Amino acid sequence: IGSEKHPIWCSWHDGQKRHFGFVSLSSISAGIRNGLSFYTPLIPHPSFTKSELKTISGVIITEQIGYLLGALVGDGCLGGITKGQSIEFSNVDQVCIHAVYEAVKSLGGQLVRSDLFRRADHRIVGCKVLRKLLVEIGLDCGSYHKRVPDCIIESPKPVICAFLRGLFDTDGTAEKTGHVNFCTTSEHLGLDVQSILSAFGILAVRKPRKTASGKQTWNLSLF
């Protein structure tokens with residue numbers, strides 16, 4: 001809410017290149033009324049000024065834990081853990097796997113690998129504190145319902161960055177051309193990530209797509 005001349009920091013494209021600058025609310029409103037999304041407001045994230053780490057279920061949400069949560073949101077099988085299902089993780093990147101291994105170890109658990117697991121190739125065992133944390137922050141859900149947890153959004157900037165690294169190390173892609181994309185089956189997760197990136201001054205265009213099997217996904221292209 002503001003006056004017609006109130007300036008908002010925005011991003012926009014003129015057909016040839018992308019610009020950043022202040023735009024009046026009246027100009028933004030006119031675009032909305034005409035069915036246009038010409039200007040994309042870039043609002044500084046309020047958590048970027050926070051310095052105190054969050055503690056949930058006895059776990060301090062450090063950068064290491066932030067990365068773990070991002071990786072599990074991306075490639076974790078978390079549905080049904082309240083009913084005794086295992087916490088499982090599927091990834092082939094050794095750097096990512098090692099980072100997850102170390103984070104789980106710091107919580108007193110183990111990341112073990114086996115080709116016999118039903119849902120994924122890695123399983124987290126002996127880590128009741130992680131299971132309790134995932135339930136507490138609302139990540140005991142299937143892929144279509146995953147979101148960025150509030151404890152991440154309310155954390156200091158380095159923790160938010162670590163979460164994004166874990167998320168993009170699992171569900172992100174970087175092309176040889178330099179283009180970066182993020183794909184998810186959760187519409188809410190796509191919106192959350194788009195909002196956080198916007199707060200960093202990174203424009204992400206979100207588009208719905210369907211896989212060859214007909215599965216609905218949401219793709220973010222970063223600019």
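Me: How many helices and strands are there in the protein, and what makes a run of residues count as one?

Reply: The protein has seven helices and 13 strands. Both are DSSP runs numbered from the N terminus, a helix (H or I) needing at least four residues and a strand (E) at least two. This is a predicted model, in which local features need pLDDT of at least 70 and side-chain atom pairs count only at pLDDT 80 or more, whereas totals for chains, interfaces and linings use all residues. Residues are numbered from 1 along each chain as its sequence is written, and side-chain values use heavy atoms, with hydrogens and water left out.

Me: What share of the protein counts as buried, and what does that word require?

Reply: Of the 223 residues, 41% count as buried. The word requires a relative accessible area under 20%; exposed means over 50%, and partly exposed lies in between (1.4 Å probe, protein chains only).

Me: Which strands form the open sheet, and how do you know that they pair?

Reply: The open sheet has four strands in the order E10-E11-E13-E12, with antiparallel pairing. Two strands pair if DSSP finds at least two bridges between them. E10 (residues 172–174) and E11 (residues 180–184) are joined by three bridges, and E11 and E13 (residues 216–222) by five, so both pairs meet the definition.

Me: Why are E10 and E12 said to stand at the edges?

Reply: E10 and E12 (204–210) each have a single partner strand, so one side of each is left without a neighbour in the sheet. From one strand to the next, the twist averages 25°.

Me: What makes the approach of Thr184 to Ser186 a polar contact?

Reply: The side chain of Thr184 reaches the backbone nitrogen of Ser186 at 3.0 Å. A polar contact is a pair of N or O atoms within 3.5 Å; within protein, one must be able to donate a hydrogen and the other to accept it, and residues adjacent in sequence count only if both atoms are side-chain atoms. The value of 3.0 Å therefore falls within the distance limit.

Me: Why is the pair of Lys54 and Glu154 called a salt bridge, and which parts does the pair tie together?

Reply: A salt bridge is a side-chain nitrogen of Lys or Arg within 4 Å of a carboxyl oxygen of Asp or Glu. Lys54 and Glu154 meet at 3.1 Å, N to O, so the pair qualifies. Lys54 lies in the loop between E3 (40–41) and E4 (55–56) and Glu154 in the loop between H5 (150–153) and H6 (157–171), so the pair ties together parts that are 100 residues apart in sequence. The structure holds four salt bridges.

Me: Are Glu88 and Arg123, which also form a salt bridge, buried or partly exposed?

Reply: Glu88 counts as buried because its relative accessibility is 2%, while Arg123, at 23%, is partly exposed. Their side chains meet at 2.7 Å, N to O.

Me: How do you know that Arg147 and Asp192 form a salt bridge, and is each residue buried or partly exposed?

Reply: Their closest N and O atoms are 3.1 Å apart, so the pair is within the limit for a salt bridge. The pair links distant parts of the chain, with Arg147 in the loop between H4 (128–136) and H5, and Asp192 in H7 (residues 187–199), 45 residues apart. Arg147 is partly exposed at 39% relative accessibility, whereas Asp192, at 11%, is buried.

Conventions
Axes are lines fitted to C-alpha atoms, for helices over the stretch in contact, and angles run from 0 to 180 degrees between N-to-C directions.
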